[in-house]
Amino acid sequence: MIHRRHALGLLAAATFLPARSFAGVSSQRREFRSDLAKRFFDLGTEGTFVGYKVDDLLIIASDKIRSAEDRLPASTFKVPNSLIALETGVVADPDKDVFKWDGVTRSIEPWNRAHTLRTAFAASAVPVYQEIARRIAAERMQKYLDLLDYGNRNIGGGIDQFWLTGDLRIDPLQQVDFLDRLRRFALPVSKRSQQLVRDILTVTKVGETVIRYKTGLLGAERGQPSLGWLVGWAEKGSQHTVFAMNVDCKTKDHIAARVSVTQQCLADIGAV
């Protein structure tokens, strides 16, 4: 029997990497939807959306190329970074452990204050998570990225930079796989850590659908935004859809559109 994660991995690889062969998988369900690609065209930019409809074992993507391209994860890495912080004891309690402000005034005002893990996640406070990464340190960080099988697992480029300007890369299918494992409590870390991280995800509601997610914006900490991410899952009754979206942020409007274009794509595939 092929369990759900194995099926997702095989479906993804067979769908987006046609040069690879997978024995025993001959009836993959996948779709490419031009109406999803048009969402980004209408914004005047380029991007990609991948949705995994869990109950149907169905992967729906806006395109065949960008959906398989790996990129820096930016602040979507705060999800595994939080898990690792909790597992290693760098953070014992996401609401009580406080990271003091370092006194450096930055252009993003919510970063200029002390934070708990929960408030740092909500503010996407890069300096706090850089300090968390430094406390985790390279050896433990590498151990857990290998354990979590996150992206290319490469922490080259500096312990507090590898997900921002360094060598870590992840593609939308890998994002979906990782988030799906978190959704199912299937990551090889404690259930407590997974529950706490699930609990600090940003939550919004569209109609009767609950969407849990994390944004990412490459270059935000330098005031030079270039790539936006939004990853998570949607819960519509008992139906779950895990998703990953990234978009080239050429204007401020594109930054703001990360949430709206993702919600539009989710609506297009019946997930909201």
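The structure holds 5 aromatic pairs, where rings of Phe, Tyr and Trp (its six-membered ring) pair if their centres lie within 6.5 Å, and planes under 30 degrees apart count as stacked, over 60 as edge-to-face and the rest as tilted. This is a predicted model, in which local features need pLDDT of at least 70 and side-chain atom pairs count only at pLDDT 80 or more, while totals for chains, interfaces and linings use all residues. Residues are numbered from 1 along each chain as its sequence is written, and side-chain values use heavy atoms, with hydrogens and water left out.

Select Phe77 and Tyr150, whose ring centres are 5.6 Å apart and whose planes stand at 65°, so the pair is edge-to-face. Phe77 belongs to the loop between β3 and α3 (78–88), and Tyr150 to the loop between α6 (138–148) and α7 (172–183), so this pair ties together parts that are 73 residues apart in sequence; helices (H or I, at least four residues) and strands (E, at least two) are DSSP runs, numbered from the N terminus. Phe77 has 0% relative accessibility and counts as buried, a term that means under 20% relative accessible area, with exposed over 50% and partly exposed in between (1.4 Å probe, protein chains only). Tyr150 is likewise buried, at 0%.

Now colour the 7 strands that form an open sheet of mixed pairing, in the order β1-β3-β2-β7-β6-β5-β4; two strands pair if DSSP finds at least two bridges between them. At the edges are β1 (30–32) and β4 (202–206), each of which pairs on one side only. β4 pairs with β5 (residues 209–218) in the antiparallel sense over 5 bridges, and Val206 stands opposite Thr209 in β5.

Then show helix α2 (residues 34–43), which packs on the sheet and touches β1, β2 (47–53), β3 (58–61) and β7 (239–248), contact meaning heavy atoms within 4.5 Å.

**Stop three: lysines over rings**

Finish with Lys191, which lies over the face of Phe185 at 5.2 Å from the ring centre, and Lys214, which lies over the face of Phe121 at 5.6 Å. A charge sits over a ring if NZ of Lys or CZ of Arg is within 6 Å of the ring centre and within 35 degrees of the ring normal.

Technical notes
Axes are lines fitted to C-alpha atoms, for helices over the stretch in contact, and angles run from 0 to 180 degrees between N-to-C directions.
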